[in-house]
Amino acid sequence: MERPVTRRLQATLATAAVGIAVAVAMPTPQASAAAGTATGFATQNGGTTGGAGGQTVRATTGTAIHAALCNRASSSTPIIIEVSGTINHGNTTKVSGSSCNTAAGVIELKQISNVTIIGVGGGAVFDQLGIHIRDSRNIIIQNVTVRNVKKSGSPTSNGGDAIGMESTVRNVWVDHVTLEASGGEAEGFDGLFDMKDDTQYVTLSYSILRNSGRGGLIGSSESDRSNSFITFDHNLYENIDSRTPLLRGGVAHMYNNHYTGLHESGINSRAGARAKVENNYFRNSKDVLGTFYTNERGSWQVGGNIFDNVTWSAPGNENYPAGPNPTSTTTVAIPYSYRLDGASCVPDIVRQTAGANTGLRTSDGNCTPQSPPPTTPAPTTPAPTTPPPTTTSPPPPSGTNLSLASGAGADGSSKADGTSYGNVRDADLGTWWSPSGSTGTISIKWGSATRVSRVIIREPSGTQGSIGSWQLVNNDTGAVLASGSGAGAISFAATSLQKINFRITSSNGTPRVGEFETYAS
């Protein structure tokens with residue numbers, strides 16, 4: 001059991017409060033798409049690519065993030081979600097769909113794969129709202145801040161973890177993020193970066209973890225030893241009581257990290273764990289490496305580290321510090337290539353590169369920060385298909401509106417209070433459907449394959465212009481039939497299908513669809 005020193009942490013927090021406020025308010029560089037490629041153990045087991053190659057959508061609320069996941073053709077359809085603004089309890093609700101399993105009060109990445117979440121524009125801050133990854137794989141989280149997530153008090157989220165992973169999670173890359181709290185367990189906070197119950201092949205790189213009682217754990221108990229293959233590189237751990245990280249039973253690689261102000265203990269390798277600890281810089285800290293709070297010992301391989309004003313306790317029952325002269329007690333084979341900066345420059349290179357809104361810079365292995373190569377920003381919707389769609393002002397109805405045919409129906413991803421899916425196929429512009437957030441999907445479906453080549457989307461009177469970008473999708477196959485912006489008439493190559501989706505990916509306010517008409521020609 002750990003012995004928190006919350007009074008020391010609180011005192012340090014008080015002196016740092018002004019600096020934190022300034023950091024949050026600083027101008028932030030633009031990031032338009034996931035930059036760079038995964039490093040460390042996240043490159044193993046097939047690699048980590050997130051949503052590469054998928055649709056790119058924008059989100060300014062937690063509900064919109066959930067809606068983007070739920071609007072995919074399947075739970076594994078790749079997607080890049082660009083996030084800006086402040087995400088909090090007030091704008092994060094549960095969204096339902098066949099490709100997601102979300103929840104209110106947390107960003108829920110559950111039973112999904114192939115997803116990138118990246119902060120863009122003026123920055124993305126998850127305020128008192130955690131990110132939970134469960135039964136998922138191939139996830140990238142980049143360039144975001146997650147702060148003040150609590151497990152007690154109000155509001156609570158994600159068990160008090162800024163980012164938490166559990167239950168058969170594979171291949172996650174978390175890069176250039178800032179994870180911070182405002183105290184320890186007594187103030188309602190838990191871990192900043194936790195992994196448990198069979199989480200493997202994870203990399204945390206170029207990130208800041210600060211002002212918390214607990215940095216993070218790998219394994220929730222001495223018997224939870226299925227978590228392994230974790231890399232930590234070029235991170236700043238600052239003003240932390242313990243767990244940087246706590247490692248049970250697995251293999252971890254820590255290199256080129258800067259640890260400063262660790263009040264009680266640092267890297268805690270226990271319960272048979274093995275840690276490779278090289279070229280890190282430890283400053284103004286206590287017991288930065290060893291086995292602590294248990295007699296079930298772990299081991300470590302050390303090399304190239306600098307210990308600057310580090311104090312060590314005397315060994316004893318449930319206390320086995322590696323110092324004052326740390327030596328290796330095991331060897332750890334690393335299967336991937338990596339470039340080591342010299343430990344002496346680690347504080348400076350981490351200062352210039354780590355955390356959200358630092359331009360996604362990395363080190364070149366020679367203690368020099370490098371900006372990511374320029375990329376062409378991905379469009380917020382895929383390029384038009386061939387032949388390209390045409391969108392015009394809605395003409396008077398002609399032909400048979402297949403949406404009104406016997407046996408036709410409607411459904412969607414979500415609906416706002418007072419609206420109905422069926423309102424888009426009742427030939428009445430006085431009724432309508434709206435999603436529960438700023439984006440969503442409305443669908444027309446039939447009991448058997450129906451040939452469609454033209455759609456008319458009509459907005460209720462007085463709401464014209466609320467629909468922004470959209471995609472028209474063959475639900476049967478996931479193929480994008482057309483894409484564009486604004487309501488109107490949409491023509492595309494004739495297609496036989498049982499369900500067609502009108503997916504709104506951006507809007508001006510709350511979008512409304514009065515009628516979703518479908519025609520054979």
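Author: Before we start, a word on contact: it means heavy atoms within 4.5 Å. Helices (H or I, at least four residues) and strands (E, at least two) are DSSP runs, numbered from the N terminus. This is a predicted model, in which local features need pLDDT of at least 70, side-chain atom pairs count only at pLDDT 80 or more, and totals for chains, interfaces and linings use all residues. Residues are numbered from 1 along each chain as its sequence is written, and side-chain values use heavy atoms, with hydrogens and water left out.

Reader: Happy to dig in! Which strands are included in what covers the buried residues of helix 3?

Author: Let's begin with the helix itself, residues 346–353, where V346, P347, I349, V350 and T353 are buried. Buried means under 20% relative accessible area, exposed over 50%, and partly exposed in between (1.4 Å probe, protein chains only). The cover over these residues includes strand 16 (236–242), strand 19 (258–262), strand 22 (281–286), strand 27 and strand 28 (369–370).

Reader: What is the phi of G355, which follows helix 3?

Author: Helix 3 runs over residues 346–353. G355 comes after this helix, and its phi is positive, near 100 degrees.

Reader: Which residues, not being glycines, also have a positive phi?

Author: One of them is in strand 22, with a phi of about 50 degrees, namely N284. Another sits in the loop between helix 3 and strand 27, with a phi of about 65 degrees. In order, the two residues are N284 and N357.

Reader: Buried, partly exposed or exposed: how do N284 and N357 count?

Author: The relative accessibility of N284 is 42%, so this residue falls in the middle class. N357 has 23%, so its class is also decided by that value. The word for N284 is partly exposed, and the word for N357 is partly exposed.

Reader: Turning to the sheet pairing, how many bridges join strand 10 and strand 13?

Author: Two strands pair if DSSP finds at least two bridges between them. Strand 10 pairs with strand 7 (residues 145–147) in the parallel sense over 3 bridges. With strand 13 (residues 208–214), strand 10 pairs in the parallel sense too, and the number of bridges is 4.

Reader: What is the bridge partner of L179 in strand 13?

Author: L179 belongs to strand 10, where it is the bridge partner of V146. In strand 13, L179 has as its bridge partner L209.

Reader: How many residues of strand 10 are buried?

Author: Strand 10 covers residues 178–183 and is mostly covered. Of its 6 residues, the number buried is 5.

Reader: Left-handed or right-handed: how is the disulfide of C345 and C367 described?

Author: C345 is in the loop between strand 26 (319–321) and helix 3, and C367 is in the loop between strand 27 and strand 28, 22 residues apart. The torsion about their S-S bond is about -75 degrees, so the disulfide is left-handed.

Reader: Which cysteine of that pair counts as partly exposed?

Author: With a relative accessible area of 14%, C345 is buried. At 28% relative accessibility, the one that counts as partly exposed is C367.

Methods: A disulfide is a pair of cysteine sulfur atoms within 2.5 Å.
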